[in-house]
Amino acid sequence: MAGKTLSEKIITEHCGKVVKSGEVVIVNVDLSYVQDGTGPLTVRRMKEMGIEKAHNPKKTVFFLDHASPSPRMELSNDHEFLRDFARKTGIILSDVGNGISHHNSLEKYACPGDIIVGADSHTCTNGALGAFGTGMGSTDVAAAIALGKTWMKVPETFLVEVNGRLPKGVYSKDIILHLIGKISSNGATYKALEFTGSTIDSLTTAGRSTIANMSVEAGAKAGLFRPDGETRNFLKAMGREEVFRELKSDEDAVFEKRIEINAGELEPLIACPHLVDNVKKISEIGQVKVDEVFIGTSCNGRLEDLHIAASIMKGHIIHPGTRVIVTPASRLVYLEALKDGTIETLMEAGALVTASGCGACDGVHLGVLGDGEVCLATQPRNFKGRMGNPNSFIYLGNPAVAAATALAGEISDPREVM
Amino acid sequence: MGKAWKFGDSISTDLIAPGRYFHLRSNLPELAKHVLEGARADFAPQVRSGDFVVAGENFGLGSSREHAPTIIKIVGVRAVLAKSFARIFYRNCINIGLPAITCDTDKIDEGDELELDMEKGVVKNKTKGTETTFPPLPAVMNRILQEGGLVAYIKAHKTLEI
């Protein structure tokens with residue numbers, strides 16, 4: 001019998017029988033969560049189901065991160081609705097200011113080998129720790145919260161092997177943008193992506209989480225990394241070393257496809273409006289004036305991302321025609337960036353720093369674009385209207401590109417200022 | 001029978017249920033007034049109950065927001081026909097009881113009168129006198145859809161065992 005992929009192993013552990021890709025199975029869910037954009041509907045679906053309690057409230061989290069703090073009374077009422085339900089059921093509430101669900105999940109909740117369902121498409125970020133995290137809608141997550149189970153098809157896996165040393169100015173964001181540009185925004189629909197190779201081994205958990213996060217932008221159900229020494233160190237730093245476990249695909253596992261990427265040949269990449277797979281090399285972009293630079297999100301709002309930006313902006317002043325918004329991914333990231341002087345460096349350069357959360361990326365507050373405006377963002381998506389205005393233009397790039405762009409006022413190659 | 005509204009490829013959830021109406025997510029009838037506004041401004045004001053959304057590849061990519069298929073259903077759309085769907089959107093459609101049909105949509109034109117037969121797996125184009133078949137849904141999804149969605153299923157059975 002052939003060996004198993006990481007996905008097949010994790011799902012096998014959660015459904016009481018040995019599975020292989022293609023099967024539809026009912027699995028036990030370890031962690032369920034929602035955010036304030038999807039949570040109110042989740043709670044209403046639970047009420048409609050007639051189950052107004054959580055199967056495991058201590059493994060269920062409501063994150064208030066999308067409109068955070070609330071900019072409108074309707075959203076304040078949604079927040080109150082979620083707080084109230086959490087109080088009544090014992091569900092964990094992660095209130096405004098604590099930051100993005102996925103990053104908090106990596107810090108506090110996700111464990112290697114878990115199955116995690118979240119009512120947010122970027123729940124696949126949990127794959128950075130070797131957890132099978134996947135995004136679902138409110139009804140699915142309502143069922144998972146109520147019953148502790150969900151149904152899923154065991155995905156086939158694309159093995160993405162990344163080898164070589166990342167050149168200066170090139171980061172994990174460029175690896176995943178390269179992949180999405182290559183296979184397109186539906187190139188991995190229904191599939192799991194599994195990342196391996198020497199470059200992946202050398203990435204931090206933060207770097208891996210950027211790749212896991214954007215796996216959904218290629219349509220994938222999950223983006224997985226083998227838990228290793230780096231994973232153990234990350235969990236130890238979070239005070240959770242005991243949840244570490246080793247887990248990997250078998251040598252003879254069956255992969256539907258193998259994709260090789262030579263990291264040494266990559267350069268900083270840009271996803272151009274209005275689709276994430278509209279990927280170009282920064283050298284091909286030409287002159288693009290930028291009104292807003294946004295550094296943050298579940299994709300690139302981690303301490304190391306802020307460090308990259310600060311190292312370029314230190315001692316400089318941002319371009320007078322450009323505003324720079326920095327939104328740390330979580331309270332912990334914010335605190336660490338405060339303590340080590342990163343926030344000071346960014347603010348001295350002229351950036352503004354918001355409370356941690358999803359920030360400008362979801363189009364509801366903290367940096368909504370005006371008509372005709374252009375944004376260079378480190379976020380995972382650039383769909384038309386994403387940042388609250390269908391008449392604006394969003395380019396995506398790594399944190400170094402964002403910082404170089406902030407100084408120049410137009411999309412700029414960070415290699416020239418590093 | 002209903003009329004076909006044609007859309008292109010890569011219709012994201014940001015076009016179906018735009019983020020600028022985030023505050024209307026707990027007021028779905030109001031949010032539904034803006035359904036698909038980002039892709040076609042004429043759709044929401046003119047769509048009629050029984051009409052069809054007919055699109056290209058990767059319909060519904062992006063966010064997990066179930067509000068997107070829900071407001072398509074609220075305005076009375078009979079089914080979404082597309083060459084392919086994004087995974088979460090597709091699942092959401094099944095869960096809320098909105099048929100999402102994967103089929104060749106190239107031969108359907110704007111305004112064609114369509115009729116859907118879920119049991120036989122066929123879309124009849126009354127305007128052109130043609131038929132497009134589609135494969136049956138996997139058993140689990142078909143069961144959920146037949147019972148009116150996942151909420152109705154769980155309410156009735158109190159379990160997910162399908």
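Tutor: Two strands count as paired if DSSP finds at least two bridges between them, where strands are DSSP runs of E with at least two residues, helices are runs of H or I with at least four, and both are numbered from the N terminus. The model is predicted, and for that reason local features need pLDDT of at least 70 and side-chain atom pairs count only at pLDDT 80 or more, although totals for chains, interfaces and linings use all residues. Residues are numbered from 1 along each chain as its sequence is written, while chains are lettered from A and ligands numbered from 1 in the order in which they are written.

Student: Which residue of β9(A) stands opposite A:T157?

Tutor: Strand β8 of chain A covers residues 157-163 and runs parallel to strand β9, residues 192-196, with 5 bridges joining the two. In this pairing, the residue of β9(A) opposite A:T157 is A:A192.

Student: Which strands of chain A does helix α1 touch when it packs on the sheet?

Tutor: The sheet in question is open, with 4 strands in the order β10-β9-β8-β11 and parallel pairing; its edge strands, each pairing on one side only, are β10 (222-225) and β11 (257-262) of chain A. From one strand to the next the twist averages 25°, with axes fitted as lines to C-alpha atoms (for helices over the stretch in contact) and angles running from 0 to 180 degrees between N-to-C directions. The direction of helix α1 (residues 6-15) makes about 100° with that of β10(A), and the strands that this helix touches are β8, β9 and β10 of chain A.

Student: Is strand β14 of chain A enclosed or open, and how many of its residues are buried?

Tutor: A residue is called buried if 20 or more other C-beta atoms lie within 10 Å of its own, exposed if 12 or fewer, and partly exposed in between, with C-beta atoms placed from the backbone. In a regular strand the side chains alternate between the two faces of the sheet. Accordingly, A:E292, A:F294 and A:G296 point one way from β14(A), and A:V293 and A:I295 point the other way, all of them buried. The strand (residues 292-296) is therefore largely enclosed by the rest of the structure, the number of buried residues being 5 of the 5.

Student: Which residue of β17(A) stands opposite A:E292?

Tutor: Strand β14(A) pairs in the parallel sense with β15 (residues 323-327) of chain A over 5 bridges, and there A:E292 stands opposite A:R323. It is also joined by 3 bridges to β17 (residues 374-377) of chain A, again running parallel. In β17(A), the residue opposite A:E292 is A:C375.

Student: How many charged residues lie on the side of chain A that touches chain B?

Tutor: The contact between the chains takes 46 residues from chain A and 38 from chain B. On the side of chain A, β1 (24-28), α2 (39-49), α3 (73-89), α5 (138-147) and β7 (149-153) each supply at least two residues. Counting Ala, Val, Leu, Ile, Met, Phe, Trp, Tyr, Cys and Pro as nonpolar, Asp, Glu, Lys and Arg as charged, and the others, Gly among them, as polar, this side divides into 17 nonpolar and 16 polar residues, with the charged ones numbering 13.

Student: Which element of chain A do the buried residues of α4(B) pack against?

Tutor: Helix α4 (residues 67-74) of chain B is mostly covered, with 7 of its 8 residues buried, among them B:H67, B:P69 and B:I72. Within chain B, the buried residues pack against α1 (13-16), α2 (28-32), β2 (52-55), β3 (79-82) and α5 (87-96), and in chain A they pack against α2.

Notes:
Contact = placed C-beta atoms within 7 Å.
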